[in-house]
Amino acid sequence: MTVNDIKSMLDRYYGGYTTEAEEKALLDYFSQNEVDEELLSDKEMFMQLADVKVPDGLERRLCDMIDEQAAKSRGDVIGRRLRKSLTWVSAAAACALIVFGATTYHNTVPAEPQSEMTPEEAYAHTKMALTLLSTNLQKGMAGIETAEKTTCDATELLYEELNKI
């Protein structure tokens with residue numbers, strides 16, 4: 001192999017794209033006494049790596065850790081779905097409570113002779129009802145946004161932990 005072939009293979013090795021056969025070819029090349037001067041530091045590194053022994057069971061322990069993290073991740077997805085569903089259910093329950101309360105209030109107010117409202121009075125009553133509705137919807141949306149932010153933060157933390165492994 002030429003020096004350029006070795007350099008090219010080293011670039012792929014440092015990028016994590018070499019096969020086991022190519023890594024063995026690099027180790028064989030660096031095991032020789034005659035190595036190009038530009039590659040002496042690489043030879044030193046390869047010779048040190050050749051002396052490293054992988055502990056027994058390391059691969060099994062790493063696989064177990066990955067499986068454990070994957071199981072936790074699936075649990076987070078289920079929990080996130082449950083929280084999202086609960087948020088929507090609570091928003092629907094709040095709306096139902098408002099409708100029930102308004103209906104109950106309307107039915108308990110003593111009946112007065114109805115007089116026609118002026119357009120200004122009707123506008124004022126409509127504006128007040130819409131303001132009340134808007135306020136309650138904003139409270140519900142704030143809860144949803146908080147839940148969504150918490151979910152995003154938990155997801156980011158999970159990805160950071162997975163990347164550490």
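Which residues does phenylalanine 30 touch, not counting residues up to four places away in sequence? The contacts of phenylalanine 30 are Ile6, Leu10, Val35, Leu39, Asp42, Lys43, Phe46 and Met47. Contact here means heavy atoms within 4.5 Å.

The model is a predicted one: local features need pLDDT of at least 70, side-chain atom pairs count only at pLDDT 80 or more, and totals for chains, interfaces and linings use all residues. Residues are numbered from 1 along each chain as its sequence is written, and side-chain values use heavy atoms, with hydrogens and water left out.

Phenylalanine 30 belongs to the largest nonpolar core. This core has 9 residues in all: Ile6, Met9, Leu10, Leu26, Tyr29, Phe30, Val35, Leu39 and Phe46. Helices α1 and α2 each supply at least two residues of this core. A nonpolar core is a set of buried Ala, Val, Leu, Ile, Met, Phe, Trp, Tyr and Cys residues joined through side-chain atoms within 4.5 Å. Buried means under 20% relative accessible area, exposed means over 50%, and partly exposed lies in between (1.4 Å probe, protein chains only). Helices are DSSP runs of H or I with at least four residues, numbered from the N terminus.

Helix α2 spans residues 20-31 and has 12 residues. From its first C-alpha to its last, α2 reaches 16 Å, close to the 16 Å expected at 1.5 Å a residue. The expected span is 1.5 Å times one less than the number of residues. Glu22, Leu26, Tyr29 and Phe30 are buried in α2. Seen down the axis of α2, these buried residues fall within an arc of 90°, so they line one face of the helix. The arc is that of the directions from the helix axis to the C-beta atoms. An α-helix has 3.6 residues a turn, so residues three or four places apart point the same way. On the other side of α2, Glu20, Ala21 and Lys24 are exposed. The cover over the buried residues of α2 includes α1 (3-15) and α3.

Aspartate 42 lies in helix α3 (residues 40-51). Leaving aside neighbours within four places in sequence, aspartate 42 is in contact with Leu10, Tyr14 and Phe30. Aspartate 42 is buried yet has no salt bridge. The nearest side chain of opposite charge, lysine 7, is 8.6 Å away. For charge, Lys and Arg count as positive and Asp and Glu as negative; His and the chain ends are not counted. A salt bridge is a side-chain nitrogen of Lys or Arg within 4 Å of a carboxyl oxygen of Asp or Glu.

The whole structure holds 5 salt bridges. One of them joins arginine 12 and glutamate 22, with the closest N and O atoms 2.7 Å apart. This pair links distant parts of the chain: arginine 12 is in helix α1 and glutamate 22 in helix α2, 10 residues apart. Arginine 12 is partly exposed, at 33% relative accessibility, whereas glutamate 22 is buried, at 18%.

Another salt bridge joins arginine 60 and aspartate 64 (2.7 Å, N to O). Both residues lie in helix α4 (residues 58-108), 4 residues apart, about one turn of the helix. Arginine 60 is partly exposed at 48% relative accessibility, and aspartate 64 is partly exposed at 37%.

Lysine 149 and aspartate 153 also meet in a salt bridge (3.1 Å, N to O). They are 4 residues apart in helix α5 (residues 119-164), so about one helical turn separates them. Lysine 149 is exposed at 53% relative accessibility, whereas aspartate 153 is partly exposed at 38%.
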